[in-house]
Each structure stands twice: as structure tokens, then as C-alpha cells.
Amino acid sequence: MRPSPGRKLAINRLRQRRGLDKAAIDRFLARRDAPIVEGLRCTFLWRGEADEVRVRHRVVGLPDPLQLRRVGDTDLWYVAIELPENSRVEYQFELVLAGETISFVNDPLNPRVAHSPMGSSSVCYGSGYRVPDWTQPDPEARPGELVDMPIRSLALRRTTTVTVYLPARFRRTVSYPLLIVHDGGDYLRYAAAKTVLDNLIHRLDMAEVVAAFIRPGNRLVEYANSAAHARFVAAELVPALEAELPLAGTARSRCLMGSSFGGIASMSTAVRYPEMFGSLLLESTSFVFTDIGDDHGGGPAFDPVVTFVNRYRARPTRLADRIFMSCGVYEPLSVGNRSMVSTLQSAGMELRYVEARDGHNWENWRDRLQEGLSWIFPGPQKFVYE
Amino acid sequence: MNVTLLGPQRFRLSARTAIRNLPVDGPVAAINAGWQEREADDGELGDVLDGRMVNLQLFHRWEDALAADPEYAEASRHHNQVLDDQQSLYTLRLRHAVDAANEIWRRDDSIPLVGEALGNAIEEIRAIDRWHLDTVDRIEADFESTYHPHERLRVVEHRGEVAGLLGSAVALAITGGHVGVILKCLQLFVGPLPPTMPVVAWSAGAMALGEQIVLFNDNAVDGSRHAEVYRRGVGLFRHVVPLPHARRRLHLHDAVRVAGFARRFGGDCCLVLDDGAVVKLTEEGRCPPGAPVLTHEGVVATWEAA
């Protein structure tokens with residue numbers, strides 16, 4: 001809802017009313033979605049007894065926490081912030097009640113929830129944001145198939161299960177490109193990856209591909225520039241898949257994809273095997289580095305990442321023909337990602353970088369897949385004129 | 001020559017009237033290979049063609065020719081890979097050339113030499129287009145001299161059957177769909193058309209019949225923002241670049257893009273084929289006066305060529 005110029009926010013109109021009672025607040029809330037988005041302003045609301053109420057979020061540029069104020073002497077709390085168009089913000093409440101702090105509370109007034117391996121959180125859609133229709137199941141899109149494939153890895157010293165996506169109308173007479181997805185289980189569960197593949201292929205936005213969804217063991221080790229992980233992907237996984245499935249088997253037909261640490265895992269694998277992968281799809285990659293000193297602010301888990309990124313920045317090498325990169329502008333990693341654009345381009349690679357008003361989360365990564373996958377594996381759309 | 005080009009048929013059907021207006025009566029050969037796996041699903045098309053359709057089933061024939069000849073199938077797959085690689089290299093060169101031309105175009109044209117730089121930049125784009133087509137010609141020639149696709153046994157059989165069907169038809173209709181598939185099927189199975197045979201073609205079917213096939217989609221989600229020359233077409237008509245779905249696929253409000261598109265193809269008629277369009281080419285296979293075209297000034301106007 002966009003307020004007319006000069007019109008006060010709904011919460012301020014409520015505050016100005018005299019004799020606010022429970023029934024008036026009930027009516028106020030019943031008539032509105034929460035948070036209330038009015039043009040570029042967003043009002044978070046909490047109702048209930050508390051000593052303090054805060055909004056917790058990870059939006060760079062906004063104070064964290066955002067302290068809510070009580071409306072008069074009622075049990076309604078609010079805070080209004082600026083929220084640019086097309087924003088999408090995940091948040092939770094933190095309450096202080098009788099000296100006790102209660103954290104990670106989803107917004108009971110807001111049914112929109114996003115999920116991740118860390119649990120769920122409430123989501124606020126800024127003005128103009130729409131969940132892309134290609135992320136939702138389309139009855140007209142023929143579904144591909146997911147097949148689990150156990151692979152015994154000497155490099156990782158464990159057996160790992162790879163979930164393989166076979167596109168609808170999969171034929172053994174066709175040579176398919178191969179997409180390898182780090183954190184594959186999470187991409188399938190939290191970023192609707194199968195639905196996205198089904199829909200983008202159905203709409204001719206991307207080519208038919210075989211996708212391998214891989215899962216880490218100890219993620220912070222395997223995905224943080226691990227030689228064992230790279231060997232698993234390049235020397236075990238790819239040959240196993242190419243022996244089993246009708247894959248094109250060329251560098252240009254192979255893509256490594258990942259988000260956050262998975263982006264580092266993709267890139268560090270490509271650094272070790274530079275002739276093997278034609279393209280990379282990197283989302284909110286953990287490009288943490290130092291230009292001087294060693295205070296990178298990421299904690300010990302990031303030490304190997306910082307070493308890797310610093311080394312690469314000192315001597316950029318060509319890893320692939322094409323790299324698609326995305327990042328949310330509300331996440332701290334946007335600075336590092338922007339900085340890496342020119343570094344990667346300087347090594348002679350074709351690079352496309354996109355940003356969104358979103359954070360470090362799975363739905364951001366889901367929403368960027370159309371741009372990324374259709375650029376890496378263009379579909380036949382440009383040939384079709386019905 | 002009797003060639004009628006139509007806009008897309010999905011929302012405004014003009015093919016039935018175009019077929020009825022032909023000065024001939026009898027079977028109409030149909031090519032809907034662009035529909036690929038849906039080729040056999042042609043009930044509605046038969047109705048549009050006034051119940052006179054003889055489907056040439058070219059996509060089915062292509063699949064059959066590949067299935068019957070594994071050596072040829074494998075060679076074709078590799079050949080397509082080489083062509084894809086060439087298309088990729090071409091688009092890489094093209095993107096930078098078109099971006100440069102557009103940037104020059106937006107400069108203040110009162111600055112000396114801007115006009116000259118722009119003309120030179122457009123000539124550079126044309127040179128890249130020519131290089132691409134010449135390279136594709138060479139790749140195709142190598143393939144043909146090595147594998148002789150027109151002499152493969154199953155292809156010869158199909159060519160004979162198609163020639164027979166075409167010989168008994170009084171007109172030819174070509175639908176839209178995948179323009180690359182239509183072109184491939186036309187080249188493989190259909191010889192030169194009788195010059196007097198009326199042809200009605202729409203969307204991708206119209207594109208395949210020109211001298212060169214130009215792919216375009218300003219809204220492409222894959223980020224391919226510039227029109228690409230794809231292949232030489234059948235060459236049934238000359239100096240016409242059919243642009244089906246122009247209003248959906250081109251940013252016609254962007255005068256710089258439109259003018260850049262029109263200038264790139266020089267004196268050719270960039271023919272707008274939107275819903276409901278019916279354009280009967282001249283007997284020489286040229287764009288008729290009054291047809292909607294993109295102009296060098298960056299707008300859609302009527303064609304006024306001599």
C-alpha cells in the first residue's frame with residue numbers, strides 16, 4: 001500500500017487517537033498485514049506485555065537491534081523504518097520480560113516465514129517485492145526426477161549420497177550439461193531448486209541439464225578451500241557421473257554452483273582444476289579477505305577462507321570461461337563480492353554480477369537462480385517464435 | 001513468387017483467411033517441424049488450413065534419419081557443438097561491438113567525429129555478422145563434404161517422399177516454433193520450391209525463409225540483450241528481416257536500440273510481424289510498400305522503398 005503524499009503512517013494515526021483501548025487495537029490489526037508496508041516505510045508491530053521489544057535482523061545499514069516503542073499505555077509496540085522498493089528482509093523479535101531475554105521469536109502477526117538450516121524466521125516483503133512465479137510449482141511444467149546415488153569417496157574418506165536431478169523427458173541419446181550444486185540438500189529444501197529447474201526448463205529459459213546436489217560432511221572444513229573436497233568433485237564425482245549418465249563431458253558443459261561457503265568450495269575447486277569447469281555460479285560467496293593485518297572479523301572458521309581469498313587476490317588466475325555472481329545488498333558480504341568482480345575480470349573471465357535488496361539467505365539465493373542459470377545454460381527461448 | 005508472411009497465430013488467427021485467399025485449390029503441404037515433439041499434434045493446424053493439410057512431418061523424418069544412421073547422428077551432434085561454439089564466440093564479439101555503438105550513439109552528436117565514429121561502429125557490427133555467416137558457411141561446407149548428409153540413405157528416402165508430397169500440393173504453409181529446427185529440416189528434406197508455389201509462413205517459419213535469420217529478444221532472461229545473426233536462411237525472399245512478436249520482444253520505445261537495429265541491417269526491410277499482421281511480398285520477393293518496419297530514426301513506420 002502506497003500512502004498518498006503527506007499522509008501520516010497508519011501507526012501515527014493510531015497513536016493520535018484518544019482513548020485507545022483493546023478493541024481499537026484489535027480493529028487496527030485486523031485491517032492490516034504486519035509489518036505494515038506503506039510505500040517506502042515499514043512498521044514492525046508487536047503486541048503483548050513486555051519490558052522491551054526489539055527487532056533483530058542482519059540488514060547492513062540499519063541499527064541492530066531496532067528498539068520498539070510502546071503505543072501509549074497499550075500493549076502494542078512499534079518501530080517504523082525506511083524500506084526501499086523490492087526489499088525482502090528476514091527478521092525476528094527479541095523480548096525482555098521480567099529481566100529475562102527471549103530471543104529468536106517469529107512475528108505472530110505475520111504468517112510469512114522463511115526456512116533455513118538454522119530454523120525459520122519471519123519475512124517482510126518491501127513494496128514491489130513479489131515471490132517469482134517460477135519458484136512455485138507449475139502444473140504445466142513436466143517434473144524432472146531426483147535419484148539418490150551413493151558414491152564412495154577416497155578423497156573424503158566417506159560414502160556420500162549425491163542427489164541427481166534428471167530433467168523431464170530425460171533421454172540417453174542426448175548429451176546433457178552438468179550442474180554441480182554445493183549444499184545440495186539445502187538448495188532442494190530451502191531454495192526450491194527442483195521446482196526452479198523444472199520451471200525454467202519448461203519455460204525454455206534454461207537448457208535441459210543434469211544436476212548433482214552434493215552434501216558436505218563437516219561443512220566448515222570441506223567447503224573452506226579443501227584439497228580433499230576439490231579432489232572428490234573433480235576426480236571422483238565428475239568421472240562417476242559421466243560414466244553413469246549421458247553427459248557432454250566437456251569443460252564448457254560443466255558448472256559449479258554454491259552459496260556462502262559453498263561459493264568458496266566452488267571457486268577453490270575450480271582453482272585446483274582450472275581446465276575442468278566452464279562456468280561458476282556463485283551466490284553471496286564468503287569473500288572475506290584482508291588488505292592489511294589479519295583482523296578479518298569472521299572468526300576462526302574463516303581463517304582458511306581468508307588465506308585462500310587473499311592468495312587469489314594477489315595472483316588472480318583464470319578458473320572458468322564465465323562466472324555468474326550475486327549478492328544481497330543487505331549482507332556484509334556485498335562489499336567483498338563487489339570487490340571481487342574486478343579481481344575476477346582481471347583474469348580474463350566473462351563475469352555477470354547482480355545484486356538484490358535481500359540478505360544472506362536461501363530465498364535470496366532462490367530468487368537469483370533464473371538470472372544465473374539462464375545465463376550459464378541458456379535455454380532455447382531465443383530460437384522459439386510461436 | 002507468391003509469399004505471404006503472417007504474424008503470430010496464437011491470439012489473432014490470420015492463416016485461415018490467407019490460405020482461403022490463395023488463387024489455388026487443392027492440398028496444402030504443411031511444415032510444423034518447429035513444434036518438435038508436438039509435430040504430430042496437428043489437429044488444430046489442419047482446421048486452420050481449411051481441412052486441406054498434408055503434413056510433411058519433417059521433424060519426425062529428421063529423428064528417423066538420425067535413429068537409422070548412428071554415424072550421421074554422432075557426426076551431427078558434434079557438428080552442432082562446433083556451430084554452438086561459433087555462435088558463442090560470435091556473440092562475445094558482438095556484445096562489445098554493439099555496446100560500443102550504443103555508447104557512441106548516446107554521445108552529444110554536435111561533437112565533431114561522433115557521426116563518423118558511429119558509422120564506423122555500425123560497420124564493425126556488420127563485419128562481425130558477415131564473419132559469423134562466413135564461418136558458419138565454412139563449417140557447414142566441411143560437414144557436407146565429409147558426411148554428405150543429402151546422400152545418406154534414409155535422408156534420400158525421405159527427400160523422395162517429401163518431393164512427392166510437395167509435388168501434389170498446391171501451396172505450402174510453415175508454422176512458427178524453433179527456427180533452428182525448421183531451417184535444419186528445410187535444408188535436409190526440401191529441395192528448391194517451385195517458383196510458382198504459394199507459400200504462407202508465420203513467426204519462425206517466416207524467419208527461416210529469408211536470406212539470414214536474426215534472433216532477437218530484448219527481454220531475454222539469460223541477459224542476451226543484442227540481436228544475433230544465427231544462420232543464412234533458405235533465401236526464398238531477399239532484403240527482408242522478419243521480426244515476429246516485435247512488440248513483445250523488442251523495446252520499441254527505445255529509439256536508440258530500434259535505430260541501431262534498423263541501421264545494422266542497412267537497406268533491408270526489418271519487417272514487424274505482430275499479432276494479426278498479413279504481409280504479401282512483391283512478386284520479386286521484396287517488402288511491399290506500406291508494410292510496418294523499423295526505421296533508421298528508431299520508430300516503427302511504413303515501408304516506402306522503391
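Predicted model: local features only at pLDDT ≥ 70, side-chain atom pairs only at ≥ 80, totals over all residues.
A salt bridge is here a side-chain nitrogen of Lys or Arg within 4 Å of a carboxyl oxygen of Asp or Glu. By that rule, five salt bridges are found across the interface of chain B and chain A.

**The interface of chain A and chain B**

In this interface, 30 residues of chain B are in contact with 19 residues of chain A, and the two chains bury about 1,900 Å² between them, with 47% of that area on carbon and sulfur atoms. On the side of chain B, the residues that lose the most area to chain A are V221(B), D222(B) and R249(B), which together account for 30% of what that side buries.

The polar part of the interface can be described by counts as well as by an individual pair. There are 14 residue pairs in polar contact across the interface of chain B and chain A, both residues of each pair being at pLDDT 80 or more. A salt bridge joins R171(A) to E37(B), with 3.9 Å between the closest N and O atoms; this value lies inside the cut-off of within 4 Å.

Several elements of chain B give two or more residues to the side that touches chain A, namely α4 (70-106), β5 (177-178), α8 (204-208), β7 (212-215) and β8 (228-232). Of that side, α4(B) supplies the largest share, with seven residues. Divided by class, the residues of the side of chain B that touches chain A are 12 nonpolar, nine polar and nine charged.

Chain A is divided into domain 1, covering residues 10-125, and domain 2, covering residues 133-383. The centres of these domains, taken over C-alpha atoms, are separated by 35 Å. Contact between them involves 15 residues of domain 1 and 14 residues of domain 2, and about 1,100 Å² is buried between the two domains, 49% of it on carbon and sulfur atoms. V60(A), R88(A) and P117(A) supply 43% of the area that domain 1 buries against domain 2, which is more than any other three residues supply.

Between domain 1 and domain 2 of chain A the count is two salt bridges, and seven residue pairs are in polar contact, both residues at pLDDT 80 or more. On the side of domain 1 that touches domain 2, β7 (88-97) and β9 (113-116) of chain A each supply at least two residues, and β9(A) gives the most, with four residues. That side of domain 1 has seven nonpolar, four polar and four charged residues.

**Salt bridges by residue pair**

Over all chains, a search of the whole structure finds 47 salt bridges.

| Pair | Distance, N to O |
|---|---|
| R88(A) and D358(A) | 2.9 Å |
| R171(A) and E37(B) | 3.9 Å |
| R219(A) and D183(A) | 2.8 Å |

For R219(A) and D183(A), the former lies in helix α5 (residues 219-222) of chain A and the latter in the loop between β13 (178-181) and α3 (184-190) of chain A, so the pair ties together parts that are 36 residues apart in sequence.

**Local features of chain A**

Four strands of chain A form an open antiparallel sheet in the order β1-β2-β6-β5, in which β1 and β5 (69-70) are the edge strands, each pairing on one side only. Two bridges join β5(A) to β6(A), and these strands run antiparallel; R70(A) stands opposite W77(A) in β6(A).

The backbone has cis peptide bonds at two places described here. One runs from A34(A) to P35(A), with omega near -10°, and P35(A) is found in the loop between α2 (22-30) and β1 (36-38) of chain A. Another joins D64(A) and P65(A), with omega about 5°, and P65(A) is found in the loop between β3 (52-57) and β4 (66-67) of chain A. N86(A), a residue other than glycine, has a positive phi near 65°, and N86(A) lies in the loop between β6 (76-82) and β7 of chain A.

Terms used: Residues numbered from 1 in each chain as written. Chains lettered and ligands numbered in written order. Heavy atoms only, no water. Domains from an automatic or database assignment. Contact = heavy atoms within 4.5 Å. Buried area = accessible area lost by both parts, 1.4 Å probe. Polar contact = N/O pair within 3.5 Å; in protein donor to acceptor, adjacent residues only side chain to side chain. Nonpolar A, V, L, I, M, F, W, Y, C, P; charged D, E, K, R; others polar. Pairing = 2+ DSSP bridges.
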